[in-house]
Amino acid sequence: MKISVVGTGYVGLVTGVALSHIGHKVTCVDIDQNKVEKMNKGISPIYEPGLEELMVKNINEGRLFFSANHREGFKDSKVIYIAVGTPEKADGSANLTFIEQVAKDIAVNIEENVIVVTKSTVPVGTNHYIKDIIEQHLIKNVKVEIVSNPEFLREGSSVYDTFNGDRIVVGADNTEAAQVIKEINEPFGIPVYVTDVQSAEMIKYASNAFLATKISFINEIGNICEKLGADIESVAYGMGLDKRIGSMFLNAGIGYGGSCFPKDTKALTQIASNIDHQFELLESVIKVNNNQQSLLIEKAKDRVGNLRGKKVALLGLSFKPNTDDMREAASIVISKRLLEEEAEVIAFDPIAVSNAKRIIGEGIQYTESLEEALQDSDFALIVTEWNQIKEINLQTYVDKMSTPLIFDGRNCYDLNEVEKYNLEYHSMGRRSVVAKPAVAVQ
Ligand code: UDX
């Protein structure tokens, strides 16, 4: 089938590439001419494992195209996917400007009946709003059906997730339109759940809010464990053995970041407040997460005292490993606090440094070498659990740092292992390890 995908961010590009890979003829449309030229040459504008290889293969096999021209991009397409961003507005609600623009672009450029499928995360009711906009601006006498098809992929494993997801949600008013989308997705071999449009829109927000709740919950339990001498890893493991709870998303740390959880949790509280419902549980989840991001600094201050002039190794900048994405990363809050405290910061990240420079700025120093970040530092803060950090020989901390003192926001190391080294180690929801004789803070 001939399909168009509008928007080539994480969601749109991965969707377009994956749909072409299962045999459809796909044109990805983006208004950024530069980006389109690069993509036509097989260059991916984002870092995502496996994506570029798949792009090149499907371009070469004549199934995948890129265009900056809507008319050309929509030509002969029976289905148009919308995958543009819905960034956060100042009040936390979703900004639908890009969606509205795409709806108008579709209306004035299509020449035959189409099914418009929304992949972007949009508030309940938006798909019907999109249909209204398209119908208001239509030039030709054609029929438009809408389908909500929310995306659940994770950054860093989005290609894998697209081919191995747990479910595909299809929300439609029209059973024929639902059937078409079901058939398009059949080669993925993933169960398809068909429901109404509003419920599909809500499934996306509710899923992300639930996962965020799991994280804030385990973080709170961790904060309590730490004070009571219990161990969060054992507690989470023991909880996860109950199939009703499940073991996933119970890793305590300095909270969630990224392009989805922070934005979608805020948007859902906003959606609720629009109908005079105060979503207190979710408000608490957000509050816990905000506090959690600064916890490492509080721990460091409690231990070290004044941070002024202290040389700090900030390990990991991206919001999670295997991505260069800095959106809502805990490192942003942490580096800001360190600068306020007048600490001297040298930050390490294997791939997010150039993005970090744009967001955090030049107030801190950057390096792509872990050893260089640790050199002569007074303490280290672990913010992202990159493999390079997890797999480091712990003796490196002892050898390189001026004071081998670590505050680990992601519980990268086994406590029994840490005990073998002359280190002082504070992590999340677990006992501290203090080498004997204790590490002296200068
Ligand atoms: C998330 C959802 O998983 C995905 O389904 C949705 O489509 C988009 O949002 P993503 O933002 O890519 O995906 O990252 P994810 O791997 O889910 O992690 C989100 C954040 O939660 C990260 O900052 C991560 O460090 C944190 N996290 C995750 C925890 O702190 N503990 C956990 O147990 C799991």
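## Strands 1 and 2

Strand 1 (residues 2–6) and strand 2 (residues 25–29) run parallel and are joined by five bridges, where strands are DSSP runs of E with at least two residues, numbered from the N terminus, and two strands pair if DSSP finds at least two bridges between them. Within this pairing, Ser4 has Thr27 of strand 2 as its bridge partner.

The model is a predicted one, in which local features need pLDDT of at least 70 and side-chain atom pairs count only at pLDDT 80 or more, while totals for chains, interfaces and linings use all residues. Residues are numbered from 1 along each chain as its sequence is written.

Eight strands form an open sheet with mixed pairing, in the order 3-2-1-4-5-6-7-8. Its edges are strand 3 (64–67) and strand 8 (192–195), each of which pairs on one side only.

Helix 6 (residues 126–137), a DSSP run of H or I with at least four residues, packs on the sheet and touches strand 5 (114–118) and strand 6 (144–148), contact being C-beta atoms, placed from the backbone, within 7 Å. The direction of helix 6 makes about 160° with that of strand 6; axes are lines fitted to C-alpha atoms, for helices over the stretch in contact, and angles run from 0 to 180 degrees between N-to-C directions.

## Around the ligand

The ligand is surrounded by 20 residues, the closest being Glu155, Asn251, Tyr256, Gly258 and Cys260, where a residue is near if its C-beta atom, placed from the backbone, lies within 6 Å. Helix 9 (residues 197–228) provides the largest share of this shell, three residues.

Methods: Contact = placed C-beta atoms within 7 Å.
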